[in-house]
Amino acid sequence: MRAVVYEEYGGPENLTIVNRPDPVPGKGEVTVRVLACGINLSDWENLTGSPLYARLGGLFRPGRPILGSDIVGEIVALGPNIRGWAIGERVWAEVVMRGGGFATQTTLPVKRLARVPVGLDTITAASLPQPGSIALAGTVDVQPDQRVLINGAGGASGPLAIQRAKAAGAHVTAVDHAGKAAFMRDRGADRTIDYRDTDFTDEDVEYDLILDLVGTRPMRRIEPVLAPGGRYRLIGGTMRAMFSALIIGALRGMLSGKRMGIGTAEGDPDTLDRIGICALNGTLTPEIAATLGLEDVPDALAKVGAGQVSGKLVVVPNA
């Protein structure tokens, strides 16, 4: 098989394309021919080893040398005693702690597998597992006429969260740089903010929900712009922001009645089934920025890390 690998944390210059033996599935695994794999910001974080939580798989060196966690594949081999799955089935999985998608083949644990719904094309499916999970979890309790702010709304997860919040009847403010403003409005945002010119925490506006995909602010800045009973959910950001949300947010929340903390988005098979239904009925419609080959992965990751991509990049390893 061919794969994009890295042996040290750092930039895209650490990525190389190599040939390796085809993977053999172990107990509880299948081998898939990778049909497509979406690129996420988490891939950039795992490449650079920053923030520190990106090093959970290996503090000083990457524990798994192949990135790519939103995988759509065709089963080509079954591990020992696998039941309920067949060679040739088209499956998808979100395996952010495992990776392996930037390769022509990889192994996947069956406990993470779901079948790709009939009628959902492979490229669209590969763009959805992690961003769709974040959008569903992040907007689960949104009510009509609530004010929702999505920080970092111009990437892959943000546009899906905009769609979900608008479908619930909310007024949505989307924050990113000005170059993505038209894109975010096209996805349904009522208002856009260029973070380079305006800090939303400096405005005299309160929000019922703040979904923060690229958190950098301490909770002392966030709490005043949450409406009474409002919610703040941090999905990604700096370690300092994570600590502030986890510890300071909980303390401030107890005093203010506002709920502040770290959000979770589990891309398990049940969630993938829900995402598939939403994709087929049009309530989760990803924006595909481009499809790429393995040789394009280093440059693509650099652009994702720099926040230069509106929508989703999808790698097609066997093209």
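Modeller: Helices (H or I, at least four residues) and strands (E, at least two) are DSSP runs, numbered from the N terminus. Residues are numbered from 1 along each chain as its sequence is written. This is a predicted model, where local features need pLDDT of at least 70 and side-chain atom pairs count only at pLDDT 80 or more.
Biologist: Thanks! What happens just after α9?
Modeller: G307 takes a positive phi of about 70° there.
Biologist: And which residues of α9 are buried?
Modeller: Helix α9 covers residues 297-305, and its buried residues are V297, A300, L301 and V304. Buried means under 20% relative accessible area, exposed over 50%, and partly exposed in between (1.4 Å probe, protein chains only).
Biologist: Where do they fall, seen down the axis of α9?
Modeller: They fall within an arc of 100°, so they line one face of the helix. The arc is taken from the directions from the helix axis to the C-beta atoms.
Biologist: What do they pack against?
Modeller: The buried residues of α9 pack against β1, α1, β14 and β15, with contact meaning heavy atoms within 4.5 Å.
Biologist: New topic: how many salt bridges are there in the whole structure?
Modeller: A search finds 17. Each is a side-chain nitrogen of Lys or Arg within 4 Å of a carboxyl oxygen of Asp or Glu. One of them pairs E266 with R112, at 2.5 Å from N to O.
Biologist: Which parts does that pair tie together?
Modeller: E266 is in the loop between β13 and α8, and R112 in the loop between β6 and β7, so the pair ties together parts 154 residues apart in sequence.
Biologist: Is R112 buried or exposed?
Modeller: R112 counts as buried, at 16% relative accessibility, while E266 is partly exposed at 46%.

Terms used. Heavy atoms only, no water.
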